[in-house]
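I opened a new structure today and kept notes as I went. Here is what I looked up.

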Amino acid sequence: MNRVQHPVENGHNGGPVSRSWWIYRGTGQPLPDIRLADVLPPPPGWRTFDGGPVLPPVPAESAETDRRLGAAGRTTSRQNPHDIDMINTALLLRRPLLVTGRPGIGKSTLAYLVARELGLGRVLHWGITSRSTLRSGLYEYDAIGRAQASLGRGPAPVPAAVPAAVPDAGTEAPPEGGTGPRIGDFVRLGPLGTALLPYELPRVLLIDELDKSDIDLPSDLLHVLENGSYDIPELVRARHHEAQAQVFTDDPDTTVTVADGRVRCRAFPFVVITSNGERQFPPAFLRRCVRLDVSPPREDQLATMIAAHFRDQEGRYDDMIRAFVERSREHGGLATDQLLNAVFLRTAGVREDDESWGELLEALWRELSGAP
């Protein structure tokens, strides 16, 4: 197996840092002339899965990644070597990476940096709310739509001549001699469900702000994240007359075949779970994660971020960066996009000596606690 030859990295104190075992290097730039399949070691025996048949690679989606990171090739990020250590640990062990830290410091950005550098394609994003459930992350089943289609009140998403289902969507046995919609036409896999499909290389899944969830969701995730598989009961019940169900995925305009209602991964996804530290998670959940507490970005990291988003602006806003870091320290932490907003106004023609600039900056850099 070939190994990635790593350049010397800049450590937190500016000294040289190099890790021979790193796969992800923390640059956020695509690996040159290297296939991840050639350099990624096999998983531990207890994290090996055998799902199949293997699905084709997913196409890269640059629009969302560029929006978050800036255009590829403009600059090189300078992550803390400890952060890179933890990311690579999660990647090699095939374990979720639980990323904690205050809001707005770039926790979710890690998923996009890894996806871009390792060529893992579109990031699957599951934004958590208090109403999120394990099933909503795995799949959705439109029982009402199927019932209406069975009664002829609405077309199936992908019409097909198959034995018809009875009007009761919960009953899977079709009446003889009829035609009707396929049950798979009314199933759409969620971000988690799509990530667990049998791809050759890991998909990147971002489970964003898990601490907003219902108290039971972290525990509900344990079985799926440990076993890398799940069942779709509606398809399991229908497997005798629809053993191969074509279902939609979380990727736009994409369908896959699910056999006998069961999905099992092959390459365990690279899962980034973010938390603002607003609640404690069960010990059993924490035991199955690699934990990374992200520190606020340093001045050099903020300068790199600006250079990535604004062409030919590197070094022009060092004074603003220093002022931003100082204000963030005084007010309990500001979000990095608050700095980006200020820089954009400057590039749009608002001058620092303009009489309204101070008021604009005060409004943009308002503290996140909600205090007036």
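I began with a cut-off: a residue counts as buried when its relative accessible area is under 20%. The model is predicted, which I kept in mind throughout.

**Entry: one residue.** I looked up Ala335. Is Ala335 buried or exposed? Its relative accessibility is 8%, so Ala335 counts as buried. I found Ala335 in the loop between helix H12 (318–330) and helix H13 (336–347). I then checked Ala335 against Ile105. The two are 230 residues apart along the chain, but their C-alpha atoms are separated by 5.7 Å.

**Entry: the whole chain.** I read off 14 helices and 13 strands for the protein chain. It has 372 residues, and 48% of them count as buried.

**Entry: a sheet.** I traced an open sheet of five strands. Its order is S4-S7-S12-S3-S13, and the pairing is parallel. Which strands are at the edges? They are strand S4 (124–127) and strand S13 (290–293), and each pairs on one side only. From one strand to the next, the twist averages 20°.

**Entry: S3 and its neighbours.** I followed strand S3 (residues 97–100) to S13. Four bridges join these two parallel strands. Leu97 stands opposite Val290 in S13. Last, I looked at helix H3 (residues 81–93). Helix H3 lies across S3, strand S12 (270–275) and S13. H3 runs at about 160° to S13.

Technical notes
Residues are numbered from 1 along each chain as its sequence is written. This is a predicted model: local features need pLDDT of at least 70, side-chain atom pairs count only at pLDDT 80 or more; totals for chains, interfaces and linings use all residues. Side-chain values use heavy atoms; hydrogens and water are left out. Buried means under 20% relative accessible area, exposed over 50%, partly exposed in between (1.4 Å probe, protein chains only). Two strands pair if DSSP finds at least two bridges between them. Axes are lines fitted to C-alpha atoms, for helices over the stretch in contact, and angles run from 0 to 180 degrees between N-to-C directions. Contact means heavy atoms within 4.5 Å.
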